[in-house]
Structure formats: C-alpha cells, structure tokens
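The following note sets out numbered points for a colleague examining this model. Please read each point with the coordinates open.

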Amino acid sequence: MLQPERPNIVLILVDDMGFSDIGSFGSEIRTPYLDTLASEGLRLTHMYNGARCCPTRASLLTGLYPHQAGIGHMVTNLGFPGYQGFLNDHCLTIAEALRQEEYRTLMSGKWHVGGQYSLRQGEWEAGQPGFPTPLQRGFDRFFGTLAGAGSYYNPHTLMEQETFIKPDSDEFYYTEVIGQRAAAMIDGSVSEHKPFFLYLAFTAPHWPLHAPESVIDTYRERYLCGWDRLREERFHQLRTLGVIRDTWQLSPRDPVAPPWTELSPDRQCWEADRMAVYAAQIECMDHAVGTVIQTLDRHRILDNTLIIFLSDNGGCAEFLREDAPNSSAPPYTRDGKPVRIGNIPDLRPGPADTYMSYDLPWANASNTPFRRYKHWVHEGGIATPCIVSWPRVIPRNTTSHAACHIIDIFPTILEAASLTYPHTTAHGAPLPLEGESWLPLLQGNAQWRRSHPLFWEHEGNCAVRSERWKLVRKSGDPWELYNIEEDRTELHDLADRHPQVVGELSSRYEEWAERCGVIPWEELRLQLASRKG
C-alpha cells in the first residue's frame, strides 16, 4: 500500500510583532505575501504565544510549557530546573522528532533557547553544556544568530552550521538574508528528494529600529496621523475583516501614552519616523517570506507545504535609554562609526549607527484592540496573528475563532505528517506533549474546540483560559476574570460577580504551576537575592 506523500512544513516566527501589524489582521503596513497566504488559507484569530521571546520559542519547539522545557523565564541560568535558561534533556524538539522520520530539518534565523550569549564571546562557548546549538537539538542545517537581539547590519553570534561568521557584503541586511538562506536550504532538500521542516525565525521587527532607507521613505508621511488615529483605523479594519467581534470595545489609550495632539510638531515628526522604520521592518520581513514562497512555487511543492505564521509575543513597549548600556548593541558599525544607543529625539532612526525602539505608544497601536504588551499575559501580550496555509488541505479564505496555543503546533505537525510522538530519546523518555492537534480545523471542521484549559506564567504574570473564561493577573495584583468571548479586550472585570469561577480556575492554575515546576515570581526573586547576599 502506497503511503501518502508527507507534507513539507514551514514554521515562521516573527519577533515582537503586535496583533494588528499585518494587512490581513487590520494593518496599513504592506504585507502582500502574508495576506495572500491568509486569503488562500486559514486565519486563527485566537492564537496564543508565551508572552516573551525565549519562553515562546521553548514551547513552540517542544510542545511543552516553557518551565517544563527549562526556560521558565529567559536564557540566564537561575539555578532551578524550570529556569536553567536552555532546552533541557526532558524535552524533544520538532526537529528531533521529524529527523527520526527522515525529514530534512532546516533553520534560518534566531535561536535564543541555548543559554545567555553576550557580545563578549570569551564568556561563553557555543555547543558546550548549557549552550546547545540548533545542530545539537535536531537541525541538519542552521544559519542565524544564537542571541536574542542585535544589529540588523552587523548581528553578533551569527553562525553557519557551528562556525561563527561575519556579514559577507556591504549590503547585508539580516531579515533579507534569513529568507535567502532559507530558500537555498529548500533547494538543497528538494535535490535530495526528501520532505523538509523549515523553522524560519526572524528577529524582525524586534528593536533596534533598522531598515533600508528606500523602504522607510515610503512610510515617512503615513504615521503623522499619530497613534490615536492609527488605533481607530486598525480597530475599524479588524471589524471589517471579521477578525474581531463588533460587540468588543477598543481598549482606551494606555494612560502612559500622551494624546498625539499634545506633542510638538517636531516631536510628532520624530515619533512618526520611528513607526515608519518599524513598518519598514515588517514589510522587509514579508518580502523575505515571499522569497521562501517563490522558492516553494518554483519547485512546484507549495501545494503540499504546510506553512504556519505567528509572532512570539505582542508589541514591545520597552524603552531604550541613551545613558544605559545594552549588551546586544555593537559599539561600532562595520565601517567604524560609533553606535548611538537609545531613543534620541534629534536623531533619525533606521541607519546602522543608531539603536532605538519604537516605545509604548506605538506598541499600544500595534496591539490594537487589546491592552498591555510583551511580558504581560493580558491579550496584548499573548495574542498573535496566525496564518496557516496548506493549499492541498485547507479551504480558501477561512477564519477560525477557536482558542489555539503554541503548544498545539508540535502535535498538529505530527498528525499532519501522519507521525507519532517518539517515546524514547537518547536521554530517556521525553515529557508527553501538552498541546492538542488542531488538524481538524485545517481540514475544515469548524466545530473543533480544545478539551483542556491553557495556562501562562511569566515574571509573576499569570493566566488561565478555559472556554469562554479567562482568569488573569498582573504580577502582585489580584485575579481578574473576563468573559473572553464577549469582552476579549478585557475591559469588564467579572471577578466579584463570579467568585466560584475565580476559585475553580485559580485552583487549576495552582495545580498546573506545581506540575510544571513554576516557582512564584517573588519567591524566586527572594531566593536569588539570598544567594547574592
């Protein structure tokens, strides 16, 4: 009996991009390749990530909650099993599982699940205990960076296979090269007549604000309308597209963000320039995705390629100060100019000798219609646009509002490839997958719903989502309760009206936290402080 042809799989992860930052999710930013994937495939409007870069990557690659995989916070080793800062031996990556089944496993882009890397290379050694590389966790081919952020023109920890390299041309722009290298890897896999798994992990649009001037120029005037108008425009478009319900309200502007009209004209121009660079970064990312799509099409394999696109967390409100050191910023550009770090108002963002972020007010617009940001587990921190394309299987231009999570992607990929989860590895039996396959959604079963709640914890920010209810709290604050189906923008706290729901879900959270090795944030900080003392 002939076995069905296994699909190729392309998993695309972008970095620090908000819910409404691509065209098919309400944005004015030009993303034609992603929009085409959406129109020819499926949009998941209730897809969730892990609120921050490396915890999301740990969950995405392993199908586990981040603490179970060893990355309950970031990549610094805090000395506890759930907080060691690199993928542990109890988890299995998608690449490791698929390589056992003769898939070629390819990665182009950001790793950030292999320990703490700094610019000072003598302080660490890639591939040694505590610093695993992609090739040590199941990938056949790797081009990219090991660290979490850096210059787009001169990225540190840039690696090909297991050799550190430098940018090879004056025109080097990391986002573009990630797409080019991924396309070359696909060419090689096709020549071997093997199915492949490609993990395409962009740093865009994570700070610093770096983009080609020619792309930035096309957005120079667009954002002079300001963040208040932009939020209203995107909110209207999200409703028009059917991504959000008409009954949901737009969350108020963050109180930290000033009204746009209160800014001076000079300040407005500079702020508009920052958002213009951010938009250019997203457009460049879309173009790099297009490079991969065109390669798939050229080889006539796009029809049987499962493509999943999402972001690792919501928009980033982090502010880069000019008087603070930044461990990811090189001191000089490749041609010897000093790099000026921070959001300096008399400095135009975008070139290689700048190192800026777009700041809270624009992140508030990126996360339209939600509140809060990266780090938090309110919707603004964990809701991601998600597009799934598989022309052979998925009905065209469909939308699902079922709750989905990054832990579901591993089991979905396995079922799509007609494979089972390995029961043994070189290190023993791996932890069982936490997620649920949503392959039925891809096959047109609109009634699919998950059978288990979802959980989050990051820096003491905690949440549970169970069917229509979401229990959530900011670190140190009381629990809040929302009917997420009627009020996804989390404006009407129902905790006082439904104390029994709060009690039930908080108990389930505590059971989950104990099972997964979560240490309460304040307790963790106290233990770390006592060690230093």
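1. Rings of Phe, Tyr and Trp (the six-membered ring for Trp) are taken to pair if their centres lie within 6.5 Å; planes under 30 degrees apart count as stacked, over 60 as edge-to-face, and the rest as tilted. One aromatic cluster is formed by Y65, F455, W479, Y509 and W512. The structure is a predicted model, in which local features need pLDDT of at least 70 and side-chain atom pairs count only at pLDDT 80 or more, while totals for chains, interfaces and linings use all residues. Residues are numbered from 1 along each chain as its sequence is written, and side-chain values use heavy atoms, with hydrogens and water left out.

2. The structure holds 24 aromatic pairs. One of them joins Y48 and W456, edge-to-face, at 5.1 Å centre to centre with 75° between the planes. This pair links distant parts of the chain, since Y48 is in strand β2 (residues 42-48) and W456 in strand β13 (residues 454-458), 408 residues apart. Strands (E, at least two residues) and helices (H or I, at least four) are DSSP runs numbered from the N terminus. Y48 is buried at a relative accessible area of 0%, and W456 is buried at 4%. Buried here means under 20% relative accessible area, exposed over 50%, and partly exposed in between (1.4 Å probe, protein chains only).

3. A further pair is formed by Y153 and Y173, whose ring centres are 5.7 Å apart with planes at 50°, so the pair is tilted. Y153 lies in the loop between β4 (141-145) and β5 (158-160), and Y173 in the loop between β6 (163-164) and α5 (174-191), 20 residues apart. Both Y153 and Y173 are buried.

4. A charge sits over a ring if NZ of Lys or CZ of Arg is within 6 Å of the ring centre and within 35 degrees of the ring normal. R473 lies over the face of W479, 4.1 Å from the ring centre, and W479 is also a member of the aromatic cluster in point 1. The charged end of R222 sits over the ring of Y223, 5.8 Å from its centre.

5. Which residues does L442 contact, leaving aside its neighbours within four places in sequence? With contact meaning heavy atoms within 4.5 Å, they are L42, L306, V388, W390, V393, I394, P395 and T412. L442 lies in helix α12 (residues 439-442) and is buried, with a relative accessible area of 0%. The C-alpha atoms of L442 and T412 are separated by 9.5 Å, the two residues being 30 apart along the chain.

6. Helix α9 (residues 359-366) packs against two other helices, and the geometry may be checked as follows. Axes are lines fitted to C-alpha atoms, for helices over the stretch in contact, and angles run from 0 to 180 degrees between N-to-C directions. Angles under 35 degrees count as roughly parallel, over 145 as roughly antiparallel, 65 to 115 as roughly perpendicular, and the rest as oblique. The axes of α7 (residues 226-241) and α9 come within 8 Å and cross at roughly 10°, which means that α7 is roughly parallel to α9. Here G226, W227, L230, R231 and R234 of α7 meet P361, W362, N364, A365 and S366 of α9.

7. The axes of α8 (residues 265-298) and α9 come within 10 Å and cross at roughly 50°; the two helices are therefore oblique to each other. From α8, the residues E271, A272, R274, M275 and Y278 meet D359, W362 and S366 of α9.

8. Most residues other than glycine have a negative phi, and most peptide bonds are trans. The bond from A204 to P205 is cis, with omega near -5°, and P205 lies in the loop between β7 (196-201) and α6 (213-217). T368 and P369 are also joined by a cis peptide bond, with omega about 10°; P369 is in the loop between α9 and α10 (379-382).

9. Positive phi values occur at Q161, about 55°, in the loop between β5 and β6, and at E490, near 55°. E490 is placed in the loop between β16 (480-483) and α13 (499-516) and is buried, at 1% relative accessible area.

10. Beyond four places in sequence, T203 is in contact with D15, K110, T145, Y152, Y174 and I178.
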